[in-house]
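Here is a short briefing to read alongside the model.

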Amino acid sequence: MWKWLHPYAKAQTAYRLCNTLLPYFAVVAVASIIIGWVWGLGFAPADYQQKDSYRIIFIHVPSAILSMGAYSSMAIAAFIALVWQLRNAELAVIAIAPVGAAMTLIALITGAAWGKPMWGAWWVWDARLTSELILLFLYLGVISLYNAFEDKGSAGRASCILALVGAINLPIIHFSVEWWNTLHQGATITKFDGGAIDASMFWPLMVNILAFAAFVGTVVLMRLKNEILLREKHRPWVKGLITNQTQLENQNVGDKNAV
Amino acid sequence: MQFNSFSDFISMGGYGFYVWLSFGSCALILLGIFLDSKLSHQRTLNAVSKQLEREARIKKAKQESK
């Protein structure tokens, strides 16, 4: 039943799949970032309490969601890499980590810039903020652990173990606003009883979440391609790819010289 | 449109600094990670091709010295 999936364990097939998927992710990302930012900044109504400062929500919430979403995918990939020894999954872990770290950084910075006018402080050691900061350190740990080993096989395994163990932080982040009495407000959109957020703010927020998700997808695919090339450099298909590339470059140079 | 003029839009009801600080740093980080991934593709290709050339040279030299 799942046999059609097997060829994708091959690096070359995965590389080709990345190339096929990339343009779709990129188009969705660019289009929805433009729509989402214009809508959120210019057309969504101001909040009755927080006025225009609440517009930070349109990047704060998507980046925070994606920081945890990226970590979940990274942990799943790490699990697959450790259990079934799939090299592509290991490379996915390495491709996702920097992108997730960028998302976490955005969530922290936008949170600070929102906290200052609303709470009166850039930073407080609140459970939600602290656990999100730990998430950033986990991402950085995965990246630096991978770079610390010369042998990429054991580097990948070490990073995967850290990524998997760090997944315990995800439920802590999510439930921190319920378990502890935090300054950070509770969930807004994951509460399905309705009424927490008006449709005029909900839909631009959804567009922005889609935008960030598509952006993460685009950049992860780009990075995964690079990781596959690096790890597979001795395979004939990579050699072929590189000879093609240099031939193309030489052609370009030749054309320029002709003019 | 929620704002009457461009200066209204920039001032964001007095919260302009915080709103534009957030959106500005967000744009910078997104652009940064995108450019890094884009440029590292060419870097990867160059590094791999250089290493393969080097290995080929070493192999050739070994054969000649035999």
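Helices and strands here are DSSP runs, helices (H or I) of at least four residues and strands (E) of at least two, numbered from the N terminus. With that in hand, residues 161–181 of chain A come out as 81% helix and 0% strand, with end C-alpha atoms 32 Å apart. Please bear in mind that this is a predicted model.

- For chain A, an unreviewed UniProt entry lists "transmembrane region" at residues 21–44, 56–84, 91–113, 133–149, 161–181 and 201–224.
- In the model, residues 21–44 of chain A are 96% helix and 0% strand, and the C-alpha atoms at the ends are 32 Å apart.
- For chain B, UniProt (unreviewed entry) places a "transmembrane region" at residues 15–35.
- That stretch of chain B is 95% helix and 0% strand, and its end C-alpha atoms lie 30 Å apart.

**Where the chains meet**

- Does the end-to-end distance of α2(B) agree or disagree with its residue count? At 1.5 Å a residue, its 50 residues should span 74 Å, and the end C-alpha atoms are 72 Å apart, which agrees.
- There is a bend of about 25 degrees in α2(B) at B:Ser40.
- Buried residues in α2(B) include B:Ser22, B:Cys26, B:Leu30 and B:Ile33.
- As background for reading such a list, an α-helix has 3.6 residues a turn, so residues three or four places apart point the same way.

**Two loop residues with positive phi**

- A:Lys51 has a phi near 55 degrees and lies in the loop between α1 and α2 (57–84) of chain A.
- A:Lys51 counts as partly exposed because it has 14 C-beta neighbours inside 10 Å.
- B:Met12 has a phi near 50 degrees and lies in the loop between α1 (6–11) and α2 (16–65) of chain B.
- B:Met12 has 20 C-beta neighbours inside 10 Å, so it counts as buried.

Note on methods: Residues are numbered from 1 along each chain as its sequence is written. Chains are lettered from A and ligands numbered from 1 in the order in which they are written. This is a predicted model: local features need pLDDT of at least 70, side-chain atom pairs count only at pLDDT 80 or more; totals for chains, interfaces and linings use all residues. UniProt positions are given in the numbering used here, feature names are shortened, and annotations may be inferred rather than shown by experiment. A residue is buried if 20 or more other C-beta atoms lie within 10 Å of its own, exposed if 12 or fewer, and partly exposed in between; C-beta atoms are placed from the backbone. The expected span of a helix is 1.5 Å times one less than its number of residues. The bend at a residue is the angle between axes fitted to the seven residues ending there and the seven starting there.
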